[in-house]
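Here is a short report for a reader new to this structure. Take a look at the model first, then read on.

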Amino acid sequence: MANILLTGGTGYIGAHTAVFLIESGHTPILLDNFCNSSPKVAQRIEQITGVLPKVIEMDVLDTTALTEVLKTEHIEAIIHFAALKAVGESVEKPLAYYQNNVTGTLSVLDAMQRAGVHHIVLSSSATVYGEKGVPPMREDAPLSATNPYGQTKVMMEQIIRDVAVAQKDLRYAMLRYFNPVGAHPSGLIGEHPRGIPNNLMPYIQQVAVGLRERLSVFGNDYPTADGTGERDYIHVMDLARGHVLAVARLLAGNDSFTVNLGTGQPVTVLQMIHAFEQASGQTIAHTIAPRRAGDVASVYADPNLAKQLLNFTTEYSVNDMCRDAWVWQSRNPNGYEDA
Ligand code: NAD
Ligand code: WQD
């Protein structure tokens, strides 16, 4: 049982992972600057688990303060979630993305070296497979990026690999998430992006509760079952459980590894809309719009390596994803603001 620092720990995936870590007997410590989250999430985690996790307000760029935290909290592993993640914004503000995501990762690795922490799990992304990959995506596919956000993830991975060559005792797990959706089935924690959602599922959720009028379906002339783009949506509960397996594998003394976390099952935009309508009983008004720049027809994981290394397979269906997203969104139409 370990003390584990979650950078970006009050964010969407961090909060769900904290729940699983607590339920597995670990002690997660959530470090965040709240640029895209709320400290109120800690009370919600307590409501779910009975344990109020420690939250530290800090920027990962503050290497000196971060080093102190690693020492004083006796941290054995870091799960590095903290990053900016909006693709469109990264095109507008590349410096902010490289600074936060790449320099942030350098800072985390520097602090780990200074404090003698040897295990890191990185939030990577299917975005590192770029636009030329042919699904199902395998971990040994060449990496590339089509936007500054994706580029930061390629760079974050490369930096960690390079540092691990030099520091023989460093062990890493790169987790390449596909499309995380859904919420804790309690409806107490979930995702509430600031401003207009970039991603499909939060947009659908906001149409369902009346925050947005209608969804634009970006393209219906792709070579897929119904012409709309297909992706590998993974329930955040499955994703969070994957982190516990990954950190346990590292702490057990195994070698570094890189795995996809996805279901391996592609789902189109229209299929997702229909599943959400079924689960919520709401009608999702939508219009076919032109393709979105940078989108590809189909992205889904080859989930076999995660099965082999972590014995990880997903348990939640698309209907579960929609049901839990709806419970969260309908009970918290403004996210944590009303908490
Ligand atoms: P999120 O925005 O909800 O969580 C990220 C957290 O990091 C936020 O709480 C934010 O306040 C914090 N943060 C950002 N910069 C920080 C800094 N400099 N110092 C301290 N805290 C900082 O996003 P999420 O969906 O939970 O994503 C977590 C990680 O997973 C990110 O690295 C993201 O790139 C990656 N990822 C997300 C998705 C997705 O679709 N959600 C897909 C693939 C990968
Ligand atoms: C899914 C499908 C859209 C919105 C992005 C990032 C990726 C990763 C996950 C972090 C596509 C369609 C969407 C809308 C739509 N994030 N869509 N109308 O593009 O697969 O991945 O999030 O690492 O890096 O690029 O996810 O949810 O934006 O889109 O029709 O309003 O939904 O065209 O086919 P994507 P998404």
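## Where to start

Begin with one pair of residues. Ala 173 stands opposite Phe 257, a residue of β11. This is a predicted model.

The two strands behind that pair are β6 and β11. They run parallel, and 5 bridges join them.

## The sheet

Which strands make up the sheet, and in what order? The order is β3-β2-β1-β4-β5-β6-β11. These 7 strands form an open sheet, and their pairing is parallel. Two of them sit at the edges: β3, residues 54-57, and β11, residues 257-261. Each edge strand pairs on one side only. On average, neighbouring strands of this sheet are turned by 20° against each other, with direction ignored.

## The β3 side

Now go to the edge formed by β3. Its partner is β2, which spans residues 27-32. The two strands pair in the parallel sense, over 4 bridges. One residue pair to look for is Asp 32 and Glu 57. Glu 57 lies in β3 and is the bridge partner of Asp 32.

## β5, α6 and β6

Return to β6, residues 171-177. Is this strand mostly buried or exposed? Of the 7 residues of β6, 6 are buried, so the strand is largely enclosed by the rest of the structure. The cut-off for buried is under 20% relative accessible area.

Strand β6 also pairs with β5, residues 119-125. These two run parallel and are joined by 7 bridges. Here His 119 stands opposite Arg 171, which belongs to β6.

Helix α6 covers residues 148-166. The helix lies across three strands: β4 (77-80), β5 and β6. Its direction is at about 155° to β5.

## Around ligand 2

How many residues surround ligand 2? There are 18. The closest are Ser 125, Tyr 149, Ser 216, Arg 231 and Asp 295. Two of these names link back to elements already described.

Several side chains come up to oxygen atoms of the ligand. For Arg 231, a polar side-chain atom lies 2.6 Å from an oxygen atom of ligand 2. For Ser 125, an N or O atom of the side chain is 2.7 Å from an oxygen atom of ligand 2. For Asn 179, the distance from a polar side-chain atom to an oxygen atom of ligand 2 is 3.1 Å.

How values were computed:
Residues numbered from 1 in each chain as written. Chains lettered and ligands numbered in written order. Predicted model: local features only at pLDDT ≥ 70, side-chain atom pairs only at ≥ 80, totals over all residues. Heavy atoms only, no water. Pairing = 2+ DSSP bridges. Axes fitted to C-alpha atoms, helices over the stretch in contact; angles between N-to-C directions. Contact = heavy atoms within 4.5 Å. Buried < 20%, exposed > 50% of the residue type's maximum accessible area, 1.4 Å probe, protein only. Near = heavy atom within 4 Å. Polar contact = N/O pair within 3.5 Å; in protein donor to acceptor, adjacent residues only side chain to side chain.
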